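Hi,

Here is the model I said I'd pass on. Have a look at it first, and my notes come after.

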Amino acid sequence: MQTQQGGQEDAEDQRLGQELQDLPSQVQSEEESSDLIRPKKILNPLIASKSHQELHKELQMTHRRGVSQEGKTELQRALEKRNWEQRMKQKKDQEEAKKKRSPLHQELLKRHQRLDKMERETGRQQEDPEFLRVKERLRRTTVLDVGLKEV
């Protein structure tokens, strides 16, 4: 029995010895591969940018806090702010345009507004029933007749 156990131990010793001898060859192959140029991982320029990192950090912070106190997401607030700024810019541009208008252009605008108003009034009159229009004409003629008699 001892011989069998001794034989098994010898076989194990030989196997361990062989593995130890294989280790230097693995180390050598790693050294040889270190002489080769290894490709580097390409960085994503978007993720590497400072502004993206700051935005990501801010989003994480707001996510940890939960939805803001107003109940609106950051995106909604940003869109509202952008729309408000655009409206303010349009108003400012319109005011500047009004200041830069020539007197001729201003008179033309006034005339155009007056004509629009008159068209709306005539449109309303046409919407009224015919008897109301006739009645109004009679009032005008009676007022004119009374005015002529007094003169």
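Below is what I found, going from the overall picture to the details.

First, the ground rules. This is a predicted model, so local features need pLDDT of at least 70 and side-chain atom pairs count only at pLDDT 80 or more, while totals for chains, interfaces and linings use all residues. Residues are numbered from 1 along each chain as its sequence is written, and side-chain values use heavy atoms, with hydrogens and water left out.

On confidence: pLDDT is the predictor's own confidence in each residue, on a scale from 0 to 100. The protein averages 77, with 69% of its residues at 70 or more. Helix α1 (residues 2-35) is where confidence is lowest, with a mean of 59, and helix α4 (residues 74-100) is where it is highest, at 91.

The fold is quick to describe: six helices and zero strands, so the pattern along the sequence is α-α-α-α-α-α. Helices here are DSSP runs of H or I with at least four residues, strands are runs of E with at least two, and both are numbered from the N terminus.

Now the surface. Of the 151 residues in the protein, 1% are buried (buried is under 20% relative accessible area, exposed is over 50%, and partly exposed is in between, with a 1.4 Å probe and protein chains only). The protein exposes about 15400 Å², and carbon and sulfur atoms supply 54% of that; the areas come from the Shrake-Rupley method with a 1.4 Å probe, and for residues only the protein chains shown count as cover.

Just after α3, G66 has a positive phi of about 95 degrees. T73 sits in the loop between α3 and α4 and is partly exposed, at 41% relative accessible area. From T73 to T62 is eleven residues in sequence and 9.3 Å in space, C-alpha to C-alpha.

Finally, the structure has two salt bridges, counted when a side-chain nitrogen of Lys or Arg is within 4 Å of a carboxyl oxygen of Asp or Glu.

- K110 pairs with E107, with 3.9 Å between the closest N and O atoms. They are three residues apart in helix α5 (residues 103-127), which puts about one helical turn between them. K110 is partly exposed at 47%, and E107 is too, at 45%.
- E136 pairs with R140 at 2.8 Å, N to O. These two are four residues apart in helix α6 (residues 130-150), again about one helical turn. E136 is partly exposed at 35%, as is R140 at 47%.

Cheers
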